[in-house]
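Subject: Handing over a structure, with notes

Dear colleague,

I am passing this structure on to you, and my notes on what was found in it follow below. Please look at the sequence and the model before reading on.

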Amino acid sequence: MSQAELARRSGLSQGLISQILNGQRKPGVEACAGFARAFHLPTEDVMRRAGLLSARLQDMLNADTTLAELFEVARSMNQVERRELLGYALYRKSLSGEDKEQHTATTSVG
């Protein structure tokens, strides 16, 4: 496959692809996602081969389908949407902490 065709299939610039293939630049998450699209591979596999995804994280994604689905959804979002998703997750986490504190306070009084 030519670099021009790879650029077309991946949505990446031909210049970026050239830099990565010539070792002038390491692929980031977006480049890995583009290569995965172009070659019809799981993004996680490409990221792991590029050294961007640890075996531990891969094991977590394999073990928890909800987490894997959330990862895929987040991957398809732009940076602003990801920040909003993170904000919501942190908000929900804080509510869980408050629920635990309220439950502890309620059970310790009685």
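Leaving aside neighbours within four places in sequence, M77 is in contact with R82 and L85, where contact means heavy atoms within 4.5 Å. M77 has its place in the loop between α6 and α7, helices here being DSSP runs of H or I with at least four residues, and strands runs of E with at least two, numbered from the N terminus. With a relative accessible area of 22%, M77 is partly exposed; on this scale buried means under 20% relative accessible area, exposed means over 50%, and partly exposed lies in between, using a 1.4 Å probe and protein chains only.

Before going further, please keep in mind that this is a predicted model, in which local features need pLDDT of at least 70 and side-chain atom pairs count only at pLDDT 80 or more, while totals for chains, interfaces and linings use all residues. Residues are numbered from 1 along each chain as its sequence is written, and side-chain values use heavy atoms, with hydrogens and water left out.

As for the chain as a whole, its secondary structure comes to seven helices and zero strands, which read along the sequence as the pattern α-α-α-α-α-α-α. Of the 110 residues in the chain, buried residues make up 20%. Among the contacts between residues at least 6 apart in sequence, 28% join residues at least 24 apart.

In helix α2 (residues 14–21), the buried residues are L16, I17 and I20. They cover an arc of only 100 degrees around the axis, which puts them on the same side of α2; the arc is taken from the directions that run from the helix axis to the C-beta atoms. These buried residues of α2 pack against α1 (3–10) and α3 (29–39). After α2 comes G23, whose phi is positive, near 75 degrees.

The helices α1 and α3 pack at an angle of about 100 degrees, with their axes 8 Å apart, where axes are lines fitted to C-alpha atoms, for helices over the stretch in contact, and angles run from 0 to 180 degrees between N-to-C directions. The two helices α1 and α3 are therefore roughly perpendicular to each other, a term that covers angles of 65 to 115 degrees, whereas under 35 counts as roughly parallel, over 145 as roughly antiparallel and the rest as oblique. In this contact, L6, R9 and S10 of α1 meet G34, F35, R37, A38 and F39 of α3. The residues of the contact of α1 with α3 divide into four nonpolar, two polar and two charged, counting Ala, Val, Leu, Ile, Met, Phe, Trp, Tyr, Cys and Pro as nonpolar, Asp, Glu, Lys and Arg as charged, and the others, Gly among them, as polar.

Helix α5 (residues 55–63) and helix α6 (residues 65–75) pack at an angle of about 110 degrees, with their axes 5 Å apart, and that makes α5 roughly perpendicular to α6. The contact is made by M60, L61 and A63 from α5 together with T65, L67, A68 and F71 from α6, and its residues divide into six nonpolar, one polar and no charged.

Last come the charged pairs. Side chains of opposite charge can pair when their charged atoms come close. A salt bridge is counted where a side-chain nitrogen of Lys or Arg lies within 4 Å of a carboxyl oxygen of Asp or Glu, and by this rule the count comes to five salt bridges.

One of them joins the side chains of E30 and R82, at 3.4 Å from N to O. E30 lies in helix α3 and R82 in helix α7 (residues 79–109), so the pair ties together parts that are 52 residues apart in sequence. At 47% relative accessibility, E30 counts as partly exposed. Elsewhere, salt bridges that share partners join E5, R8 and R9 into one network. The closest N and O atoms are 2.6 Å apart between E5 and R8, and 2.7 Å apart between E5 and R9. In helix α1, E5 and R8 are three residues apart and so separated by about one helical turn. E5 is partly exposed at 22% relative accessibility, whereas R8 is exposed, with a relative accessible area of 60%, and R9 is partly exposed at 40%.

With kind regards
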